[in-house]
Amino acid sequence: MKKIILLLVVSLMISSFNQSNAQERKKLAQTGMKFLSVSLDPRASALSDAMTTVQNNSASMLYNPSAMAEMNRLVDYSFGTTRWIADINYIYGTAALNLFDGQYGVLGLSLVAVDYGEFNGTIVANNDDGYIDVGTYKPTAIALGIGYAKSLSQKFSVGGNIRFVRQSMGTSVVTLDANGYAVTREHKAEVLSFDFGMLYHTGFKSLDFGMSIRNFSKEIKYIDESFQLPLTFKIGLSMNLIDLTEFDRGMHSLLLSVDASHPRDYPEQVSFGMEYTFLNTFSIRGGYTFPTDEQEFSAGVGFKQELADVNFAIDYSYTPFGIFDNVHRVSINIGY
């Protein structure tokens, strides 16, 4: 089993590298609603999104929903915000309920909302300026989902999400009628999307293997153009490397996670993430993804503590984005 899994990972990495080089000259598919591709959880982002086999709280719905089955608390909440490039702001919230200690699985809810800011609206006109100012508009995006995960055995878990996804470019003035009154139209698109995932504990130390498919949906038509969501397939491995040493696992943890991803609209990528945790309280994280245009490495920290049977955690991540703004993420997780 160990040799098979190792061979699979090496093959994926070589394939991803070769195909990414080949696709520099290959036209890739176009997608819309790209806000669904933005990583929001700080822990995941600090590990460069190598999270297919890692997360075990309600935020797992945003990466691999099957990992939510590993949740050992009755209720779990996560809230976070991301200051994205171009002054775009994201907020998200997730909640999960562990039904009868996992006997009937784990049920979850998720919400992602995007604030793109305010823009000036104009229409073409036959005047000295060449346009008429028609006020402002505010694009928005939202994804509201329900997820479910279940451990089918001590080693194997499955899960999935159904999300209602909506993106609006705002209400705009398309023309003026004969009396000079504005004729408006809301530019929007909405669709149901589906996520699926599985998680497998290999039985060798803490080595885990997982797969996920995110943003599967029908084709959407927006005015005159058709597109699909940013469908992404991921496969990954993770392990606590302390298992291979004589160090005390209660005092130290050194998690290594590797993901290979196959997106619809850009070349394959390989992501590496590492997290060192001391006394199950303080964490330092780092990650690297290749190939990318601007985003390569990321870093973050975390703190978690149990107070009166309530687990509390706060996480932060930092991602430099080359010629764009640096990206900062903060989240709070509560479970009991």
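## Aromatic pairs

F282 has a relative accessibility of 48%, so this residue counts as partly exposed. The cut-off for exposed is over 50%. This is a predicted model. The ring of F282 pairs with that of F303. Their centres lie 5.4 Å apart and their planes meet at 50 degrees, so the pair is tilted. F282 sits in strand β15 (residues 282–290) and F303 in strand β16 (residues 297–307). The two are 21 residues apart, and the pair links distant parts of the chain. F303 is partly exposed too, at 31% relative accessible area.

The structure holds nine aromatic pairs. Another is F119 with Y137, whose ring centres are 5.8 Å apart. Here the planes stand at 25 degrees, so the pair is stacked. F119 belongs to strand β4 (residues 119–124), and Y137 belongs to strand β5 (residues 131–137). They lie 18 residues apart. F119 has a relative accessible area of 37% and is partly exposed. Y137, at 27% relative accessibility, also counts as partly exposed. Elsewhere, ring pairs join Y77, F79 and Y336 into a cluster.

## Salt bridges

A search of the whole structure finds eight salt bridges. One of them joins the side chains of E275 and R285, at 2.5 Å from N to O. E275 is in strand β14 (residues 269–278), while R285 is in strand β15. They are 10 residues apart. Both residues are buried. The bridge is part of a network: salt bridges with shared partners connect R43, E275, R285 and D315.

D195 and R163 form another salt bridge, at 3.6 Å from N to O. D195 lies in strand β8 and R163 in strand β7 (residues 156–176). This pair spans 32 residues and links distant parts of the chain. D195 and R163 are both buried. The side chains of R249 and D243 also meet in a salt bridge, at 3.1 Å. D243 has 11% relative accessibility, so this residue counts as buried.

## Strand pairing around β1

Strand β1 (residues 75–83) pairs with strand β2 (residues 89–98). The two run antiparallel over nine bridges. β1 and β2 form a hairpin with five residues between them. In the turn, A86 has a positive phi of about 60 degrees.

β1 also pairs with strand β18 (residues 327–335). Eight bridges join these antiparallel strands. D76 stands opposite G335 of β18.

## Nonpolar core

The largest nonpolar core has 30 residues. Which of them touch the most other members? They are M33, F35, W84 and Y90. Strands β2, β3 (106–115), β6 (140–151) and β8 (182–201) each supply at least two residues of this core.

M33 has contacts well along the sequence. Leaving out residues up to four places away, M33 touches V165, Q167, A189, E190, I220, F227, L229 and P230.

## The site of S317

Where is S317 placed? This residue is in strand β17 (residues 310–319). Buried or exposed? S317 has 0% relative accessibility, so this serine counts as buried. The cut-off for buried is under 20%.

Conventions
Residues are numbered from 1 along each chain as its sequence is written. This is a predicted model: local features need pLDDT of at least 70, side-chain atom pairs count only at pLDDT 80 or more; totals for chains, interfaces and linings use all residues. Side-chain values use heavy atoms; hydrogens and water are left out. Helices (H or I, at least four residues) and strands (E, at least two) are DSSP runs, numbered from the N terminus. Buried means under 20% relative accessible area, exposed over 50%, partly exposed in between (1.4 Å probe, protein chains only). Two strands pair if DSSP finds at least two bridges between them. Rings of Phe, Tyr and Trp (its six-membered ring) pair if their centres lie within 6.5 Å; planes under 30 degrees apart count as stacked, over 60 as edge-to-face and the rest as tilted. A nonpolar core is a set of buried Ala, Val, Leu, Ile, Met, Phe, Trp, Tyr and Cys residues joined through side-chain atoms within 4.5 Å. Contact means heavy atoms within 4.5 Å. A salt bridge is a side-chain nitrogen of Lys or Arg within 4 Å of a carboxyl oxygen of Asp or Glu.
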